[in-house]
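Q: Before going into single residues, I would like to learn how to read the main features of a model like this one. Please take them in turn, with the general idea ahead of the case.

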Amino acid sequence: MKHEELKKEIERREYWNLFCPFPFYDREVIEDLKKLDMLKENIMNNEPITYCKTCLSIHIKTVEFPKSDSGDDRDVHYCVPCGNTELEEAHISEWEDLYEEKYGERFLTKNKKDE
């Protein structure tokens with residue numbers, strides 16, 4: 001189950017429990033789902049992301065070349081907006097701090113306002 005689907009399922013079960021004199025959905029199961037939701041969120045935040053050192057974009061493409069006779073990996077990773085090949089890896093929270101420092105606002109908050 002995807003993260004958003006899990007959140008919607010928790011909300012749905014809690015919503016329908018409000019209308020029953022006795023909980024229709026087991027409260028312990030809902031608490032377990034909430035723990036699973038928090039666990040998934042922590043796992044997602046612990047995954048490192050690759051970003052461009054110049055513009056801090058996370059829109060990275062990879063050009064894959066056939067393996068050479070010597071077995072060297074010749075794949076090229078580059079930033080789509082600026083074309084830079086100097087990339088770094090960091091956790092999402094560290095990257096977002098760098099983004100805020102450079103552009104003056106948090107990336108995820110900025111994108112939610114645009115919707």
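Q: What share of the residues in the chain is buried?
A: The model is predicted, and every value below is computed from it. A residue counts as buried under 20% relative accessible area. Here buried residues make up 18% of the 115 residues. The chain exposes about 9,100 Å², and 52% of that area comes from carbon and sulfur atoms.

Q: In what order do the elements of the chain run?
A: The chain has four helices and four strands. Read from the N terminus, the order is α-α-β-β-β-β-α-α. Contacts can be read alongside this order: of those with a separation of 6 or more, 48% are between residues 24 or more positions apart.

Q: How should I read a salt bridge, and how many does the structure hold?
A: Side chains of opposite charge can pair when their charged atoms come close. The structure holds six salt bridges. One of them joins Arg12 and Glu9, with the closest N and O atoms 2.7 Å apart. Both residues lie in helix 1, three residues apart, which is about one turn of the helix. Arg12 is partly exposed at 34% relative accessibility, whereas Glu9 is buried at 17%.

Q: Which residues are linked with Glu9 in a network of salt bridges?
A: The network links Glu9 with Arg12 and Arg13.

Q: Which residue forms a salt bridge with Glu14, and what does the pair tie together?
A: The partner is Lys34, with the closest N and O atoms 2.6 Å apart. Lys34 lies in helix 2 (residues 27-46) and Glu14 in helix 1, so the pair ties together parts that are 20 residues apart in sequence. Lys34 is partly exposed, with a relative accessible area of 30%, and Glu14 is partly exposed at 31%.

Q: Where does Glu31 come in, given that its side chain meets Lys34 in a salt bridge?
A: The N to O distance for Glu31 and Lys34 is 3.8 Å, and a salt bridge is counted within 4 Å. The two residues are three apart in helix 2, about one helical turn. Glu31 is partly exposed, with a relative accessible area of 42%.

Q: How do I read aromatic pairs, and how many are there?
A: Two values describe a pair: the distance between ring centres and the angle between the planes. The count comes to six aromatic pairs. In one of them, Tyr15 and Phe19 are 4.9 Å apart centre to centre with 75° between the planes, which makes the pair edge-to-face. Tyr15 is partly exposed at 43% relative accessible area, and Phe19 is exposed at 52%. Another pair, Trp95 and Tyr99, is tilted, with 5.5 Å centre to centre and 45° between the planes. Trp95 and Tyr99 both lie in helix 3 (residues 92-103), four residues apart, about one turn of the helix. Trp95 is buried at 1%, and Tyr99 is buried at 8%.

Q: Which residues do ring pairs link into a cluster, and which form a nonpolar patch on the surface?
A: Ring pairs link Tyr15, Trp16 and Phe19 into a cluster. Tyr15, Trp16, Leu18 and Phe19 form a nonpolar patch on the surface, with about 500 Å² of accessible area together. Tyr15 lies in helix 1 (residues 3-17).

Q: Is Asn17 buried or exposed?
A: Asn17 counts as buried because its relative accessibility is 13%. The residue lies in helix 1. Leaving aside neighbours within four places in sequence, Asn17 is in contact with Pro23, Phe24, Tyr25 and Ile30. Its C-alpha atom is 8.9 Å from that of Arg27, which is ten residues away along the chain.

Conventions
Residues numbered from 1 in each chain as written. Predicted model: local features only at pLDDT ≥ 70, side-chain atom pairs only at ≥ 80, totals over all residues. Heavy atoms only, no water. Phe/Tyr/Trp six-rings, centres within 6.5 Å; stacked < 30°, edge-to-face > 60°. Buried < 20%, exposed > 50% of the residue type's maximum accessible area, 1.4 Å probe, protein only. Patch = residues over 30% accessible without salt bridge, like charges linked within 9 Å, V, L, I, M, F, W, Y side chains within 5 Å. Areas by Shrake-Rupley, 256 points an atom, 1.4 Å probe, with all protein chains shown as cover. Contact = heavy atoms within 4.5 Å.
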